[in-house]
Each structure stands twice: as structure tokens, then as C-alpha cells.
Amino acid sequence: MTNSFSEFARAKMFLIIGSNMTEAHPVAATFLKNAVMNGAKLIVMDPRKHRLVDFADLHLPLKVGSDIALLNAIMYVLIEEDLYDKNFVSSCTMGFDELKKTVEAYPPEKAAKISGIDADTIRKVARMLASVKPVMVCYTLGITEHTCGKNNVMSVANLQMLLGNLGMEMGGVNPLRGQNNVQGACDMGALPNVYPGYQAVTDDAACAKFEAAWQTTGLSKKTGLMIPQMMDGLVDKKVRAFYIFGENLANTEPDIHKVEHELASAEFLVVQDIFQNETTRFAHVVLPGAAWSENNGTFANSERRVSRVRKASEPPGVAKPNWWIFREIAKRFGHEWTANSGKELWDTEISVLAPNLAGIKYSRIEEDGIQWPCPTPDHPGTPYLHHAGQFTCGLGRFTPAEWTPPAEVPDAEYPFVLSTGRRLYHYHTRTQTGRCDGLNDLLGEEFADISVSDARRMGIDHGEVIRVKSRRGEVSVKANVTPEMPDGMVWMAFHFREGNANWLTNPAFDPFTLTAEYKACAVSIEKI
């Protein structure tokens, strides 16, 4: 997030796009709902009429995968009607002419045919966004899990720069992270292209610094593999050993049949996790890690806040802290890592090697944590980024994007579009929440959400078992007939092994990020 959760209470307007916050991020949703009840305006762009829409001034039920066309049309109106922030654009950005040229091809009438949102509503939204300053934009996986996910994000950033809503409180571009500490994992370099603190592996100086600190030589200056490339490599043997840490890939990756074949093809597979799960079935070695509450350490949340995590109980059996497991494996490779705790790792290595984390020491995060960048020990942290329009790269760069349809669209054989996500009572593949009887009582199986009119047309009753089928597989689940759903759409989650949406989803990926298109594939539904 460029901004902070504490700003929600003072925000004047929210634009929420591709995010079912009430179920996927219920705490953040509470902050937002409180703000709305205190007078903030709310626009929701989402195909479904989910519960957040009850609080919205305006809901745009756009067609799945049409975000770029809709955003471009809003920017078309802002420019055509001279409603954009000309001072911010001229002094803080570059590439406006290219953006203008691109969005000129998306008048509201054209975007209406693509998105399903009528032209007058598009103009109304543009005028609403221009009437309040600043506007806070939040999004989640409904934007990123598309074959055009990167371009979706860039389009959101284009809109906020055009409105001049960056570099100030109660504005910004705010992705709500999908898992506990996913921000922290990225901060620590769990990405194929950066070292800790987002220092590029292709940078000679960064490479030399980490070689010296880690007392090694020959660190690669090439960007590493992403998960789909790793999985493909297991089959063609370009990847011979695979180490999975805290991921249940056998349930979370698209097209489970394909994923199981890839995992079964691994020459040597190590899984490090806190419980047995569907992926450990394929492992040659399982390393039992300690859970978050069984170890002292840090988390970094969506707003870039690094906070302490304190041990509540001892790890069971032979389970060990994850850093300890990594250190012991390194020892077998001939490396002696001296740090003996999360505190030592942070104070003597992480904060020393990552400039944006240099000022964060354990002694400073005893209470509420600190938001990076925090470059020095006397720095208070950074509640919002790009202060006064000063971007890290200098001027903010408009990156215009053309709309592209999903990789797989409905047809005569598969006439519905399937989109996926999370439900309130469970988390991801239930590796943790599935062991809680109370949550299983609240939600003990998967459903397929369908519209009232589709159900009536097909003679499907609420709670009736139906078959949902794609080109990759099929599942039998109960129908959840709900007015939240638009016609022609099916919505499912991936919490349960039986009825998992990922038996159906399409392994098509964004060409830049290699994020899978979980939010769009073609399916059929039928009575059983």
C-alpha cells in the first residue's frame, strides 16, 4: 500500500475495484465501513453485488476481465471534460500524451459494450472521482489474477496520477495483501528478481554487497524462475530439486490435474510446513516448521508496517523455527550462519543490508511497529509514499494499457464464466482453518454461486447438487442461488479439496508477472 489503514477513518472517498473486502479482508473492511458511516463516499467496481455494495454510493457490476476498458473510459472523460489534475500531471508525471492517445480510443460508448456499464454511468463515475480530493483506491486479487493483471494495476495507477491522488494522505494505490506476511516475504527477497529490500539481482553493486555479506562468490545476476516456470521444469527436468516452503501448491495452482503431474515428476521434493497437506503427499522429505505463534520474529503487513511477533507456545514435537531449519541446511553446505534468533537476523543482517529497512531495529518495534522506508535509526517511518508527488524514479510514469479479453471466454459448449476467490469462514486451502471445528460448522463444504435467473432458467434449486465443468475437469457441488451474482457467471472458492475451483481454472498467465488467471475461465453447469 502507498498509504495506511489509519487514514481510512479520515478518507473522503473510496474506489474499491476487484475486492470483496468484507470476506477476504474483514478487518480492513470494518475500517472502510466505519468511514462510510462517518460520511465518506464509496464506489465499488466488481462483477458481484457482494456485501460491501450495501455501503456503496455507486456499484458498477462490470463484466469479468473488462477493467482496463472501463478505467480507460473514465480517464477519457476526465481528459475530455478537463477534470484531471493538470498541475500534478505537468509537474509530477511523464507520458501524459501517450496516455491521452491510448484512452482516446475508449469513449464511454465503446467501453460500455465491453464492460456492460452504460456510458452515462461511466461519465457519472468520472465526475464523482474528480469532485473529491483525495480519493483512496483499494484493490486485491480481482485485479491482479488475470492475464492482463499487470496492466490492470498500471491502469489503476494511471487513474490516480491523473487525478493527482498520489503522495498525500487519504489517497494512493492500496493493494490489500492476500496472506499474513506476504508483504514481508517480498520485503525479504522471496522474489526471483530482487535481494532483500528490493535491490535488483541484476545490479552489480547489490550483487557485490550481498556476496561480501554472505561470504560467497558467483551470485547469479540473472532473474530467477517464477512458479509456473519451476513447475514446468519439473516435467522436462530443467528443475531437478524443488523446495516448497509454506505453500500448498497441489490445491492453490490452476488445473490441479496438471499440477499433480508436475509434482509427481519431481526428482527430489522437499516440503517445509506446519501441517501435512495435499502437497506433502508428493514430498520425499517433509520438514516440520514452527507456526507463527510458536516463534519470535516479525511480520510486515499490507501498509508496510514491520511489527513484532512474540512466541505464545512452544513448537510441538520436533518442529523448529523456519530460520533454524534454513540455517541447519546451510551448515550442511559448509556455511556457518551465526545469527541465533529473529532479533539477531534483523539487527545484524536485514537492517544492515536493506537501505529501506536500515532504521528499523528490534528495540524500535516493541509497540506498534514502523512502516518502511525507514532509512535511519531516528527516522519515524513512512505512513504514505511519494510525498508531494516525489516518486522514487523521479517523475511518475504513465503506462497506458490496451484492453485484452481473458484467455478463455464463454462459448456454446462452456457458456458461463467462472471466477474464484475466498469465503469468509476459511482461509486458502484450509491447512489451518480446516482444523477448527467451529469454522467447519459454519462452512463445511464448497458451493457454486449462481444467479437467481440462471437457476430459474435451468430449473436448479438452492442447495441442489450441480456439476460444474471446464475443459480441464469437473466438480460436483451444491448450488448457492444468490442475488449477488450476475447472469452468466459462476463463483467458487478453493478452500476444499472436493469441489475445489482449481480443478477447473485455466493455467494461463500474465506474460509479465506469470500470475495465473484465476478470475476468468469458461465453464458449463448442469443438473445432476
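Guide: Buried means under 20% relative accessible area, exposed means over 50%, and partly exposed lies in between (1.4 Å probe, protein chains only). The model is predicted: local features need pLDDT of at least 70, side-chain atom pairs count only at pLDDT 80 or more, and totals for chains, interfaces and linings use all residues. Residues are numbered from 1 along each chain as its sequence is written, and side-chain values use heavy atoms, without hydrogens or water.

Visitor: At 32% relative accessibility, what does Tyr198 count as?
Guide: Tyr198 sits in the loop between β7 (194–195) and β8 (199–200); strands (E, at least two residues) and helices (H or I, at least four) are DSSP runs numbered from the N terminus. Its phi is positive, near 60 degrees, in a residue other than glycine. With a relative accessibility of 32%, Tyr198 is classed as partly exposed.

Visitor: What is the phi of Ala388?
Guide: Ala388 belongs to the loop between β14 and β15. Its relative accessible area is 48%, so Ala388 is partly exposed. Most residues other than glycine have a negative phi. For Ala388 the value is positive, near 55 degrees.

Visitor: What is omega for the peptide bond from Trp372 to Pro373?
Guide: Pro373 is in the loop between β14 and β15 (396–397). The bond from Trp372 to Pro373 is cis, and its omega is near 0 degrees.

Visitor: How is α3 oriented relative to α9: roughly parallel or roughly antiparallel?
Guide: The axes of α3 (residues 67–80) and α9 (residues 149–163) come within 9 Å and cross at roughly 15 degrees. Axes are lines fitted to C-alpha atoms, for helices over the stretch in contact, with angles from 0 to 180 degrees between N-to-C directions. Angles under 35 degrees count as roughly parallel, over 145 as roughly antiparallel, 65 to 115 as roughly perpendicular and the rest as oblique. The crossing angle therefore makes α3 and α9 roughly parallel.

Visitor: How many charged residues are in the contact of α3 with α9?
Guide: On the α3 side the contact (heavy atoms within 4.5 Å) is made by Asp67, Ile68, Leu71, Ile74, Met75, Leu78 and Ile79, and on the α9 side by Asn151, Asn152, Ser155, Val156, Asn158, Leu159, Leu162 and Leu163. By class (Ala, Val, Leu, Ile, Met, Phe, Trp, Tyr, Cys and Pro nonpolar; Asp, Glu, Lys and Arg charged; the others, Gly among them, polar), the contact of α3 with α9 has 10 nonpolar and four polar residues, and the charged count is one.

Visitor: How is α6 oriented relative to α7: roughly perpendicular or roughly parallel?
Guide: Helix α6 (residues 108–115) and helix α7 (residues 119–131) have axes 8 Å apart and pack at about 110 degrees. This angle makes α6 and α7 roughly perpendicular.

Visitor: How many charged residues are in the contact of α6 with α7?
Guide: Pro108, Glu109, Ala111 and Ala112 of α6 meet Ala119, Ile122 and Arg123 of α7. The contact of α6 with α7 has five nonpolar residues and no polar ones, and its charged residues number two.

Visitor: Which strands stand at the edges of the sheet, each with a single partner strand?
Guide: The sheet is open, with three antiparallel strands in the order β12-β13-β14; two strands pair if DSSP finds at least two bridges between them. Four bridges join β12 to β13, and two join β13 (residues 305–309) to β14. Each edge strand has one partner, so one of its sides has no neighbour in the sheet; the edge strands are β12 (297–300) and β14 (370–371).

Visitor: Which residue in the hairpin of β12 and β13 takes a positive phi?
Guide: In β13, four of the five residues are buried. Ser307 of β13 is the bridge partner of Phe299. The hairpin has four residues between its strands, and the residue with a positive phi, near 70 degrees, is Arg304.

Visitor: Which residue just after α12 takes a positive phi?
Guide: Within α12 (residues 227–236), Pro228, Met231, Gly233 and Leu234 are buried. The buried residues of α12 pack against β9 (241–245), α13 (249–252), α14 (256–264) and β21 (506–509). Just after α12, phi is about 70 degrees at Lys237.
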